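Open the model in your viewer and keep the sequence panel beside it. The stops below are given in the order in which to select them.

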Amino acid sequence: MRGKWNTGGPGRGSVAGSLVAYCLGITEIDPLRYNLLFERFLNPERVSMPDIDVDFCKDRRAEVISYVSGKYGNDHVAQIITFGTMAAKAAIRDVGRSLDVPYAEVDRIAKLIPNTLNISIDEALRGEPQLRNYMRAMRR
């Protein structure tokens, strides 16, 4: 039952316990074989209905959107995004990783950010002279 766009990955989260997801080829995990609890996916105590998130690699995302739009029509396709916020240290680490900056260097920079709840990078730059000096040195 594997379709053109179905990667048939192992599945993550509570959907891995769904027999329907297994039968449709959404996940490769047979929940009966591994005695997984379907109740994690759908149960009477759950406040909201379950959902199955599907993530696509940025390299083929446009191809997937084009296929779905062609198959179902533009008026039946929507793109949704959720914006979240990131803690200052985590943001520094993610940017460093994406720019291939050596881990030791990124770690040294991230540790310069004070352990203050909800501190922004701008606030950390104003309050931490070493961080400010590092940033100035990087701009040269």
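Predicted model: local features only at pLDDT ≥ 70, side-chain atom pairs only at ≥ 80, totals over all residues.

Residues are numbered from 1 along each chain as its sequence is written, and side-chain values use heavy atoms, with hydrogens and water left out.

**The core.** Select Ala88, Ile92, Val106, Ile109, Ala110, Leu112, Ile113, Ile119, Ala124, Leu125 and Leu131: these eleven residues are the largest nonpolar core. Such a core is a set of buried Ala, Val, Leu, Ile, Met, Phe, Trp, Tyr and Cys residues joined through side-chain atoms within 4.5 Å; buried means under 20% relative accessible area, exposed over 50%, and partly exposed in between (1.4 Å probe, protein chains only). Two or more residues each come from helix H3 (88–98), helix H4 (103–110) and helix H5 (121–127), with H4 giving the largest share, three. Helices are DSSP runs of H or I, at least four residues, numbered from the N terminus.

Next, select Ile26, in the loop between helix H1 (19–23) and helix H2 (61–72). Isoleucine 26 counts as partly exposed because its relative accessibility is 36%.

**The cysteines.** Finish with Cys23 and Cys57. Cysteine 23 has a relative accessible area of 47% and is therefore partly exposed; cysteine 57, also partly exposed, has 47%. The count of disulfides (pairs of cysteine sulfur atoms within 2.5 Å) is zero.
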